[in-house]
Amino acid sequence: MSTTRVFRGGRVFTADAAGTVASAVAVAGGRIVAVGGDHTVAPYLHEAEEVVELDGRLLLPGFGDAHVHPVMGGLERIRCDLSGATTVAAYVEIIGDYARRHPGREWILGGGWAMEAFPGGRPHREVLDAVAGDRPVLLPNRDHHSSWASSAALARAGITRGTPDPADGRIERDADGEPTGLLHEGAADLVRAVAPEDTQEDLDAALAEAQRHLHAHGITSWQDALLTVHEPGPSAHESYRRADLDGRLTARVAGALWWDRSCPRSQVAEQVARLAAIRAATDGRNYRTGTVKVMQDGVVETFTAAMLEPYLDCCGGATGNHGISFLEPDLLREVTIALDATGFQVHYHAIGDRAVREVLDAIEAAIAANGASARRHHLAHLQVVHPDDVPRFHRLGVTANLQALWAAHEPQMDELTLPFLGDPRAGWQYPFGDLLRTGAALAMGSDWPVSSPDPLAAVHVAVTRVAPDAPAGTPALGPEQAIPLATALRAYTAGSAAVNHLDHVTGSISVGKAADLVLLDRDPFDGPAEQIAAARVARTYADGVEVHRS
């Protein structure tokens, strides 16, 4: 039940457009009823069930994660979760312990391993065979663009040296042509097709765990960036609907329905109509599906991100590989025009500079065909952006959806990315500062479980361009692309609310808006930028109800 509550005696980061400075807030009936100083909230003190003294701590709007996979992350947390480890030895211990604790489970599922734990970022099936025996194992890595499979899993899927690579993926092979157990992109679907399907109860439990975890990080709203709907059959979409219907969904969720990239041109209209029917049937209190997710390329580390110029080899020479565009540019334009015309917002995965350009070209074509709109199309990730394309975000009204935690030197960047990009492309990575300076709207998200869902860690990197746990002396990655703390916090609150079409409800501390609030244990503005990530969430409120207390 919502409580009348007064916060006073400290700094309130309102994140509103005017940059309002405040030191006190009153909440009643789940809404913000007063913002200002002590005199502003004084009329509510006599009826307040609680008065919270800020005492040097920062109150700000609830964080909004503009690109996250909560049910996927929740499943990993309740299965064989490798996300907290960084070495092969630790993975072996975790997998072995999981296998011993769950002897009745036919398959070992979970995920979260880091590419940098393995030479060249490439694990081998023999490690899994040694710890799991003849039990099939399938474990996606943190970015979910590659999966690690055991020999038994490959055998179940019928993957041999003679199995061709699928059109949207690659089977990693050794010098003799034998599959190593590493499956990139769509190649992992060959094993997923024979693995046990998630039950609806599995997905419901995963959502509950994910919501608890995200609230603990101060996140009160998000965009689920990949929702597939199979009717009939279990789905995360159905978990959201069920949780929303019975009041268990305390977060505000924008669901991005998955665009099936295998859809031929002749069936584009049919798929758009199917997604529109799902949207029409989803009109919940806290869950809506007005967005479609289009994945245009892969990732740099596996050389599947779509690049204008080819990747380099380990000696710095050009290869013949430009990465993968999952939708040919003409088809991408047709899909974008059709979705835009049907009133959908489009959420694009675009990491390489060619993918970014192809998507911006498609949006420009949609504007030419349908006219300007308030759809709030957005591009997520934006690892490599050609300088010529940076100003187009503002010009086309496209939001830059940033996953800032990746914009730093760490093993995956230094060993698996920089050598294969070379100059000048290495300097075009994560151009947050240039996007800001050219007027682009910014939103932020985590891509959890690909990386930590902690907004403060991401904000830390956006401001410093150095990872919170980086060794002393680690240089900033493109320091000219750093953005101010207030800008980063606004992107993770008001910016994400805007891209999720929730800015009329949440995202700033303004009278009349929902009391979605986060209380930190300190004020990051009072300390050095290098200490931003040390801040912790003390309390989280959704609609004025406390949903987390540390």
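Modeller: Let us begin with strand β5, residues 58-61, which pairs with β1 in the parallel sense over two bridges. Please keep in mind throughout that this is a predicted model.

Colleague: Which residue is the bridge partner of Arg-11 in β5?

Modeller: Arg-11 has Leu-58 as its bridge partner in β5.

Colleague: And how many bridges join β1 to β2 and to β4?

Modeller: Strand β2, residues 21-28, runs antiparallel to β1 and is joined to it by six bridges, with Val-12 standing opposite Ala-22 of β2. Strand β4, residues 50-53, runs parallel to β1, and four bridges join the two.

Colleague: What else does Arg-8 touch, leaving out residues up to four places away in sequence?

Modeller: With those left out, the residues that Arg-8 touches include Ser-23, Ala-24, Asp-38 and Leu-45, and also Val-51, Val-52, Glu-53, Leu-54 and Asp-55. As for Val-41, which is 33 residues away along the chain, its C-alpha atom is separated from that of Arg-8 by 8.2 Å.

Colleague: Changing topic, what is the strand order in the sheet of eight strands?

Modeller: That sheet is open, its pairing is parallel, and the order is β6-β13-β14-β15-β16-β17-β18-β19. Because β6 (63-68) and β19 (441-444) each have a single partner strand, they stand at the edges, and one side of each is left without a neighbour in the sheet. On average, neighbouring strands here are turned by 25° against each other, if direction is ignored.

Colleague: What does β6 pair with?

Modeller: Its partner is β13, residues 219-227, and the two pair in the parallel sense over four bridges; Asp-65 has Trp-222 of β13 as its bridge partner.

Colleague: Which strands are at the edges of the six-stranded sheet?

Modeller: In that open sheet, the order is β7-β8-β9-β10-β12-β11 and the pairing is mixed, and the edge strands, each pairing on one side only, are β7 (80-81) and β11 (169-173). Further in, β9 (137-140) and β10 (146-149) pair in the antiparallel sense over three bridges, with Leu-138 opposite Ala-149 of β10. Helix α4, residues 125-132, lies across β8, β9, β10 and β12, and it runs at about 45° to β10.

Colleague: On to helices, then: how do α2 and α7 cross?

Modeller: The axes of α2 (residues 70-78) and α7 (residues 200-216) come within 7 Å and cross at roughly 100°, which means that α2 is roughly perpendicular to α7. Among the residues making the contact are Pro-70, Val-71 and Leu-75 of α2 and Leu-203, Ala-206 and His-213 of α7. By class, this contact of α2 with α7 has 10 nonpolar, two polar and four charged residues.

Colleague: Last one, what covers the buried residues of α11?

Modeller: The cover includes α10 (329-341), β16 (345-350), β17 (378-381) and α12 (392-396), and the buried residues themselves include Val-356, Leu-360 and Ile-363. Helix α11, residues 353-370, has 18 residues and reaches 26 Å from its first C-alpha to its last, close to the 26 Å expected. Just after α11, Gly-371 takes a positive phi of about 90°.

How values were computed
Residues numbered from 1 in each chain as written. Predicted model: local features only at pLDDT ≥ 70, side-chain atom pairs only at ≥ 80, totals over all residues. Heavy atoms only, no water. Expected span 1.5 Å × (residues − 1). Buried < 20%, exposed > 50% of the residue type's maximum accessible area, 1.4 Å probe, protein only. Contact = heavy atoms within 4.5 Å. Axes fitted to C-alpha atoms, helices over the stretch in contact; angles between N-to-C directions. Parallel < 35°, antiparallel > 145°, perpendicular 65-115°, else oblique. Nonpolar A, V, L, I, M, F, W, Y, C, P; charged D, E, K, R; others polar. Pairing = 2+ DSSP bridges.
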